[in-house]
Amino acid sequence: MNYTKEIVFTVKGQTRVMTNEMRKLMKEGITRKLIPANEFKGPRLKLDKASRSEISSLKKDIQRLKHYISKLEYEKTRPGVSESDIRDMNRDIELYTFDIFEAQTKIRDIKIKCYKNQTSIIDLDA
């Protein structure tokens with residue numbers, strides 16, 4: 001990733017760094033190379049208990065963050081909200097969106113790790 005151009009947020013004493021590449025990925029999404037299940041030749045993904053529980057907690061975090069975003073979007077449309085409050089809300093929305101992106105990336109990495117462990121045990125050529 002390109003760390004030369006970065007945006008640094010300080011939120012409640014916590015420093016967050018978002019590079020331009022990360023922002024681009026957030027907007028465009030991660031490209032996936034999906035194929036239909038009936039054409040897939042490899043073994044199906046089987047998650048262990050620890051991975052399942054971690055993915056479950058990340059999905060709950062994503063739902064919670066989406067709820068916060070919807071509340072902020074509603075608050076922005078209310079009459080009498082100042083421009084500075086709207087700017088702060090937009091910044092919070094972008095941070096929550098970034099947190100969602102990070103959680104989705106973690107879920108993806110967990111699944112990839114489990115699949116690699118699973119396929120390293122199984123001999124696919126046999």
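Author: A crossing of helices is left-handed if the near helix is turned anticlockwise from the far one by less than a right angle, and right-handed if clockwise. The model is predicted, so local features need pLDDT of at least 70 and side-chain atom pairs 80 or more, while totals for chains, interfaces and linings use all residues. Residues are numbered from 1 along each chain, and side-chain values use heavy atoms, without hydrogens and water.

Reader: What pattern does the protein follow along the sequence?
Author: The order is β-β-α-α-α, with three helices and two strands. These are DSSP runs numbered from the N terminus: helices (H or I) have at least four residues, strands (E) at least two.

Reader: How do H2 and H3 cross?
Author: The axes of H2 (residues 49–77) and H3 (residues 83–121) come within 9 Å, at roughly 165°. Axes are fitted to C-alpha atoms over the stretch in contact, with angles from 0 to 180 degrees between N-to-C directions. The two helices are therefore roughly antiparallel (over 145 degrees), and H2 passes H3 in a left-handed crossing.

Reader: Which residue classes make up the contact of H2 with H3?
Author: There are 16 nonpolar, four polar and ten charged residues. Nonpolar covers Ala, Val, Leu, Ile, Met, Phe, Trp, Tyr, Cys and Pro; charged covers Asp, Glu, Lys and Arg; the others are polar.

Reader: And which residues have the most contacts inside the largest nonpolar core?
Author: They are Leu58, Ile62, Ile100, Ile107 and Ile110, in a core of 13 residues. Such a core joins buried Ala, Val, Leu, Ile, Met, Phe, Trp, Tyr and Cys through side-chain atoms within 4.5 Å. H2 and H3 each supply at least two of its residues, and the largest share, seven, comes from H3.

Reader: How much of the protein is buried?
Author: Of its 126 residues, 21% are buried, meaning under 20% relative accessible area with a 1.4 Å probe, protein chains only; exposed is over 50%, partly exposed in between. Tyrosine 68, at 31%, is partly exposed.

Methods
Parallel < 35°, antiparallel > 145°, perpendicular 65-115°, else oblique.
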